Amino acid sequence: MDRIKTLSAALLLLSLLPVAVGCGNDHEKPVAPVRGTVKCDGELLTEGIVYFLPMQDPTSGEVDTDIGKPGRGVLNEKGEFVISTYYDEDGAKVGMHNVRVMQLDPEDDEAPVKDQGYACGVQEQPLEVKDISDNVFDIELTHPRKRR
């Protein structure tokens, strides 16, 4: 019976080994500091989340199966954000990103989450994070009703 317990424990430890090895810094991509502001129709957004979603490099001709972890930042009361990817305020992966800004519409505050409206829509735009000491982006959005 003790042999079965020992074997079971050994198998459990072996099954967890890939998880422990995968938690290291081997897969971290180079990042650079990213900060900025977001406006919708000229007004600063003071609530919401900004996502920097890494994109494939279309000029490389290669498919990168590990394009990197997305970064995110929370808008403050001044409409400012600082992106965090691996660590607090470390920035976003160097390269092209599809930037997504999401801000809940205060008029739809009572709606169920799945039907929640967005004040400026869920808008995306491509931006490049460069390997420099300070990437500053002032993102300008237009309300969906004004884009028609």
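Buried means under 20% relative accessible area, exposed means over 50%, and partly exposed covers what lies in between, with a 1.4 Å probe and protein chains only. The legends below concern a predicted model, in which local features need pLDDT of at least 70 and side-chain atom pairs count only at pLDDT 80 or more, while totals for chains, interfaces and linings use all residues. Residues are numbered from 1 along each chain as its sequence is written, and side-chain values use heavy atoms, with hydrogens and water left out.

**Figure 1. The protein as a whole, with 2 helices and 10 strands.** Helices (H or I, at least four residues) and strands (E, at least two) are DSSP runs, numbered from the N terminus. Read from the N terminus on, the elements follow the order α-β-β-β-β-β-β-β-β-β-β-α. Of the 148 residues in the protein, 30% are buried. If contact is taken to mean heavy atoms within 4.5 Å, residues 24 or more positions apart account for 66% of the contacts with a separation of 6 or more.

**Figure 2. Close-up of an open sheet of 4 strands in the order β5-β4-β8-β9, with antiparallel pairing.** Strands β5 and β9 (123-129) stand at the edges with a single partner strand each, so one side of each has no neighbour in the sheet. Two strands are said to pair if DSSP finds at least two bridges between them. Strand β4 pairs with β5 in the antiparallel sense over 4 bridges, and Tyr 51 has Arg 72 in β5 as its bridge partner. Between β4 and β8 the antiparallel pairing runs over 6 bridges, and here Ile 49 stands opposite Met 102 in β8. Strand β8 (residues 95-102) in turn pairs with β9 in the antiparallel sense over 7 bridges, where the bridge partner of Met 96 is Glu 128 in β9.

Figure 3. Leaving aside neighbours within four places in sequence, Pro 70 is in contact with Phe 52, Leu 53, Pro 54 and Thr 85. Pro 70 and Val 99 are 29 residues apart in sequence, and their C-alpha atoms are 9.7 Å apart in space.

**Figure 4. Close-up of the cluster in which ring pairs link Phe 52, Phe 81 and Phe 137.** Rings of Phe, Tyr and Trp (its six-membered ring) pair if their centres lie within 6.5 Å, and planes under 30 degrees apart count as stacked, over 60 as edge-to-face and the rest as tilted. By this rule the count comes to 2 aromatic pairs. Phe 52 and Phe 81 form a tilted pair, with 6.3 Å centre to centre and 45° between the planes. Because Phe 52 lies in strand β4 and Phe 81 in strand β6 (residues 80-82), this pair ties together parts that are 29 residues apart in sequence. Phe 52 and Phe 137 also form a tilted pair, at 5.8 Å centre to centre and 45° between the planes. Since Phe 137 belongs to strand β10 and Phe 52 to strand β4, the parts tied together here are 85 residues apart in sequence. Phe 52 is buried, with a relative accessible area of 0%, and Phe 137 counts as buried at 13%.
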